[in-house]
Amino acid sequence: LEKAETEIFRAAIAESLRVMMWLGDIDAEQNNLFNGLLKLTDIYPCKEVDFSDSGWHPDMAVDFLLGLWNNADVRLRALKNEGNLAYFVTSEIYDAYEHYLDQLGGDSAYVELVGGRRVLHYHGIPVIDMNISHIIPEGSSPRCILTDRRNLVLAVNASDYPGAEVRMWYNPDEMENRQRAVFMVGCEILDEQLLVMAD
């Protein structure tokens, strides 16, 4: 039972960190422990592709991906062969792009439609669902970021940070198990020139 509870506690911390990595905002009411990557993209002057005049509809998924590639810094495009570039997208774009692929003719499209796809790619670059659409406010614009994975950093220090602790105990008064984790965490974009986004 203790092992199961520890795993649940660990998974909850990991999920909370994942959400804050993208949506953290020190000025917000929730997820406000540190600024996440989407907040940092508002702070840094990274290159942005504006689709606001076009409105959003599912067929625009390919336009989002192509627009980011066409507007990417030359240094970012040069990193393609290293295999670390990725499109990080909200679920609307991910689902629309998968639907777009389903409509393509050919045997491979049929096989993928029936069996599913493990990972989506656009011109050899992975398309990764940030899985935050259920958390961001309804009506928010879809987000799409193209960058080198090594450019996005989440750092967690649970060992030599003063006051750091991970503790679990039983509270007999409330007849329930309690947990506490105190550690240092933050994220950073190493080079804003190697990031292009659309929203």
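Visitor: Why is N31 called partly exposed?

Guide: This is a predicted model, so each value is computed from it. N31 has a relative accessible area of 24%. Buried means under 20%, and exposed means over 50%. The value for N31 falls in between, so N31 is partly exposed.

Visitor: Where is N31, and what is its phi?

Guide: N31 sits in the loop between α1 and α2. Its phi is near 50 degrees, a positive value in a residue other than glycine.

Visitor: Why does M175 count as exposed?

Guide: M175 has 64% relative accessibility. The cut-off for exposed is over 50%. M175 therefore counts as exposed. It lies in the loop between β7 (165-171) and β8. Phi of M175 is near 55 degrees, again a positive value in a residue other than glycine.

Visitor: Why does I93 count as buried?

Guide: The relative accessibility of I93 is 0%. Buried means under 20%, so I93 counts as buried. I93 is found in helix α5.

Visitor: How far apart are I93 and L65, in sequence and in space?

Guide: They are 28 residues apart in sequence. In space, C-alpha to C-alpha, they are 9.1 Å apart.

Visitor: What makes helix α3 mostly covered?

Guide: Helix α3 runs over residues 61-70, and seven of its 10 residues are buried. Those residues are A61, V62, F64, L65, G67, L68 and W69. Each is under the 20% limit, because that is what buried means.

Visitor: What does α3 give to the largest nonpolar core, and how many residues has that core?

Guide: The largest nonpolar core has 28 residues. Those with the most contacts inside it are Y87, Y97, V127 and L146. Several elements each supply at least two residues of this core, among them α3, α5 (91-102) and β5 (144-148). Helix α3 gives the most, with six residues.

Visitor: Why would nonpolar side chains be found together like this?

Guide: In soluble globular proteins, nonpolar side chains tend to be buried together.

Visitor: Which residues does L146 contact?

Guide: Leave aside its neighbours within four places in sequence. L146 is then in contact with residues including L68, W69, Y87, I125 and V196. Each pair has heavy atoms within 4.5 Å, because that is what contact means.

Visitor: Which residues lie nearest the centre of the largest pocket?

Guide: L23, D25, A28, I136 and P137 do, out of 18 lining residues. The largest pocket has a volume of about 400 Å³. Helices α1 and α2 each supply at least two residues of its lining. Of these, α2 gives the most to the lining, with three residues. By class, the lining divides into seven nonpolar, five polar and six charged residues.

Visitor: Where does D25 lie, and what is it in contact with?

Guide: D25 lies in the loop between α1 (2-23) and α2 (37-43). Beyond its neighbours within four places in sequence, D25 is in contact with Q30, N31, N32, F34, N35, G36 and K39.

Visitor: How do you know that the side chain of D25 makes a polar contact with D27?

Guide: The backbone nitrogen of D27 lies 2.9 Å from a polar atom of the side chain of D25. The limit for a polar contact is 3.5 Å, so the distance is within it.

Visitor: What classes of residue line the second largest pocket?

Guide: Its lining has 12 nonpolar, one polar and no charged residues. About 240 Å³ of space lies in this pocket. Of its 13 lining residues, I13, M20, L33, A181 and F183 lie nearest the centre. Helix α1 gives the most to this lining, with six residues.

Visitor: How many helices and strands has the chain, and how much of it is buried?

Guide: The chain has six helices and 10 strands. Of its 199 residues, 35% count as buried.

Technical notes:
Residues are numbered from 1 along each chain as its sequence is written. This is a predicted model: local features need pLDDT of at least 70, side-chain atom pairs count only at pLDDT 80 or more; totals for chains, interfaces and linings use all residues. Side-chain values use heavy atoms; hydrogens and water are left out. Helices (H or I, at least four residues) and strands (E, at least two) are DSSP runs, numbered from the N terminus. A polar contact is a pair of N or O atoms within 3.5 Å; within protein, one must be able to donate a hydrogen and the other to accept it, and residues adjacent in sequence count only if both atoms are side-chain atoms. On a 1 Å grid over the protein atoms alone, a cavity is a set of points where a 1.4 Å probe fits but cannot get out, and a pocket is an open set with protein on both sides within 12 Å along at least five of seven lines; lining residues have an atom within 4 Å of a point. Grid points are joined across faces, edges and corners, and a volume is the space filled by probe spheres set on the points. Ala, Val, Leu, Ile, Met, Phe, Trp, Tyr, Cys and Pro count as nonpolar, Asp, Glu, Lys and Arg as charged, and the others, Gly among them, as polar. Buried means under 20% relative accessible area, exposed over 50%, partly exposed in between (1.4 Å probe, protein chains only). A nonpolar core is a set of buried Ala, Val, Leu, Ile, Met, Phe, Trp, Tyr and Cys residues joined through side-chain atoms within 4.5 Å.
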